[in-house]
Amino acid sequence: MLQQAVDLVICSTGLYAFPTLFATFLDEQWRYFGSMSMMFGLRYLFTQPVFPPSLNLMRAMGEDSPIVSHSMPWAAMAFSLGLAAVLFYAALKIVQRREY
């Protein structure tokens, strides 16, 4: 269960970074629509054959989770942390320029 919790927290961090980035320059209503369209876009991207299945965040939290596959999805977790780092850095730069 601890492995599943770690997997869920790390993989959802990459998905959480999109609304955080959108919060720096969009109003609440548009942030919601932007976040939802980004989630649908990511879901579509993850289902395409050109995208490696080992980096699929949705699959890493579902059918390739540690409870089902008995192994950690390290590639998806690293991809999620890298994506979150890039998006949080972009959000930081936007906030610094706006000088909130």
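Modeller: The discussion below moves from the overall fold to the core, the aromatic rings, the surface and the charged side chains. This is a predicted model, in which local features need pLDDT of at least 70 and side-chain atom pairs count only at pLDDT 80 or more, while totals for chains, interfaces and linings use all residues. Residues are numbered from 1 along each chain as its sequence is written, and side-chain values use heavy atoms, with hydrogens and water left out.

Biologist: How many helices and strands are in the chain?

Modeller: Helices (H or I, at least four residues) and strands (E, at least two) are DSSP runs, numbered from the N terminus. Here the chain has 5 helices and 0 strands, and the order of its elements from the N terminus is α-α-α-α-α. Its C-alpha atoms fill a box of roughly 45 × 25 × 20 Å along the principal axes.

Biologist: What share of the residues counts as buried?

Modeller: A residue is buried under 20% relative accessible area, exposed over 50%, and partly exposed in between, with a 1.4 Å probe and protein chains only. Of the 100 residues in this chain, 31% are buried.

Biologist: Which residues have the most contacts inside the largest nonpolar core?

Modeller: A nonpolar core is a set of buried Ala, Val, Leu, Ile, Met, Phe, Trp, Tyr and Cys residues joined through side-chain atoms within 4.5 Å. The largest one here has 20 residues, and Cys-11, Phe-18, Leu-57 and Leu-87 have the most contacts inside it. Two or more residues each come from helix H1 (2–23), H2, helix H3 (57–61) and helix H5 (74–98). H1 gives the largest share of this core, 7 residues. As for Leu-57, its contacts are Cys-11, Leu-15, Phe-46, Ala-76, Phe-79 and Ser-80, with residues up to four places away in sequence not counted.

Biologist: How many aromatic pairs does the structure hold?

Modeller: Rings of Phe, Tyr and Trp (its six-membered ring) pair if their centres lie within 6.5 Å; planes under 30 degrees apart count as stacked, over 60 as edge-to-face and the rest as tilted. The structure holds 6 such pairs. One of them joins Tyr-16 and Phe-88 edge-to-face, at 6.4 Å centre to centre and 65° between the planes. Tyr-16 lies in helix H1 and Phe-88 in helix H5, so this pair ties together parts that are 72 residues apart in sequence. Another pair, Phe-46 and Phe-51, is tilted, with 4.9 Å between centres and 55° between planes. Both Phe-46 and Phe-51 are buried.

Biologist: Which residues form the nonpolar patch on the surface?

Modeller: Patches are made of residues with over 30% relative accessible area and no salt bridge; like charges are joined within 9 Å, and nonpolar side chains (Val, Leu, Ile, Met, Phe, Trp, Tyr) within 5 Å. Accessible areas come from the Shrake-Rupley method with a 1.4 Å probe, and for residues only the protein chains shown count as cover. Here Trp-30, Tyr-32, Phe-33, Met-36 and Phe-40 form the patch, with about 590 Å² of accessible area together. Trp-30 is placed in helix H2 (residues 28–47), and Trp-30, Tyr-32 and Phe-33 also form one aromatic cluster.

Biologist: How many salt bridges does the structure hold?

Modeller: Side chains of opposite charge can pair when their charged atoms come close. A salt bridge is a side-chain nitrogen of Lys or Arg within 4 Å of a carboxyl oxygen of Asp or Glu. The structure holds 2 salt bridges. Arg-59 forms one with Glu-63, where the closest N and O atoms are 3.1 Å apart, and one with Asp-64, where they are 2.9 Å apart.

Technical notes: Contact means heavy atoms within 4.5 Å.
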